[in-house]
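I opened this entry to look at how two chains meet. My notes follow in the order I looked things up.

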Amino acid sequence: MLPEEVAKLIGKAGETVVMEVEKGAIKRIADAIGDSNPLYWDEEYARNSRCGGIIAPPGFTGWPAKWRWNLYLFYMPQYSDLYREWVDAMDKAGYTGRLDGGWEFDFFQLVRAGDTLACTPKITDIVERQGKSGTLTLTTFEMTYINQNGDVVSKTRNNMIYRSRS
Amino acid sequence: MAEQKQLYWEDVEVGSEVTPLSKIATTQTLVKWAGAVGDFQPIHYDDSLAASQRLGKRIVHGALKRSWLIQMTTDWIGEQGDLRKFSCQFRGVDYPRFMKSSTEPEEGETWWCKGKVTKKYTEGGEHRVDCDVWLENGKGELTTQGKATAALPSRD
């Protein structure tokens, strides 16, 4: 059974965070991945390709609006205030051992350098599951990214796991 | 990748292999990733904190492993292909190699991104394939498993 202060977060949406997809951020992430795809690196090449300009690797939806809270532990800042609230509620309820469980993306449009994306996060579910080493608590965050033209470019779901509860 | 020839839907059958991609995670890679995405969770750079969370030592970011698998898929489908869906689950933790010098990693494990086509179909006017994708660590364990759906160009 989920404690009430945790269960009440199901269905809650966070505030919309707006972020710019910077060229430099695209290069830094491509470098960290070790991906030399010229669509991420080479302006001229990308312009002459079917993409028509530098794009971001799928799954990279922009340099997060970081430092906003000045919290070094702000793990996935694009989750906005909602993530912070969730972490606090889980901490208070005694959950420990937070891990990234996995991701699910729908890609509808390319994300381009210079795009401005508005991301609205939402907690769509929190469930308990029996794992190898006891009860796992899974939280699903869903982020909808909308670009400056009003197009939904991606829907992204992230499952966060807590491995135990004290 | 640009130099590779474009993959067409007609070239692919159920059971076809996604061209594998090898990767090495080092402590340096993790620092780069942390800076690039703004993920400063200490479990990715602080051994004692990671140990206190029963992880043994610092672990590779799941989202980096995810991005490796996405790179394998986009390399394989080529520039005329479009990745439509991608999902993955993290099944086990991975530990980065240490650095021997400022540019060279110590000896250690190499990771392989791999995949296989599970379905070939048309949908919404697109020629699509579904694939299982996974990441194998140096011990042969599948620490990340997922699925990808891509639209490929057709010769028709």
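I started with the area. Chain B and chain A bury about 3,300 Å² between them. Carbon and sulfur atoms carry 52% of that area. I noted that this is a predicted model.

Next I looked up who takes part. Chain B gives 40 residues to the contact, and chain A gives 40 residues.

Then I turned to charged pairs. I found 3 salt bridges between chain B and chain A. In one salt bridge, the side chain of A:Arg50 meets that of B:Asp82, at 2.6 Å from N to O. I also looked up polar contacts. Between chain B and chain A there are 13 residue pairs in polar contact, with both residues at pLDDT 80 or more.

Which elements of chain B give two or more residues to the side that touches chain A? I listed helix 1 (27-37), helix 3 (62-77) and strand 2 (82-90) of chain B. I sorted the residues on that side of chain B by type: 18 are nonpolar, 12 are polar and 10 are charged.

Strand 2 of chain B called for another look. I found it joined to strand 2 of chain A (residues 95-107) by 5 bridges. The two strands run antiparallel. I picked out one partner pair there: A:Gly102 is bridged to B:Gln89, in strand 2 of chain B.

Last, I checked the confidence values. Chain B has a mean pLDDT of 94, and 97% of its residues reach 70 or more. For the complex, the predictor gives an ipTM of 0.94 and a pTM of 0.90.

Notes. Residues numbered from 1 in each chain as written. Chains lettered and ligands numbered in written order. Heavy atoms only, no water. Contact = heavy atoms within 4.5 Å. Buried area = accessible area lost by both parts, 1.4 Å probe. Salt bridge = Lys/Arg side-chain N within 4 Å of Asp/Glu carboxyl O. Polar contact = N/O pair within 3.5 Å; in protein donor to acceptor, adjacent residues only side chain to side chain. Helix = DSSP H or I, 4+ residues; strand = E, 2+ residues; numbered from the N terminus. Nonpolar A, V, L, I, M, F, W, Y, C, P; charged D, E, K, R; others polar. Pairing = 2+ DSSP bridges. pLDDT = per-residue confidence, 0-100.
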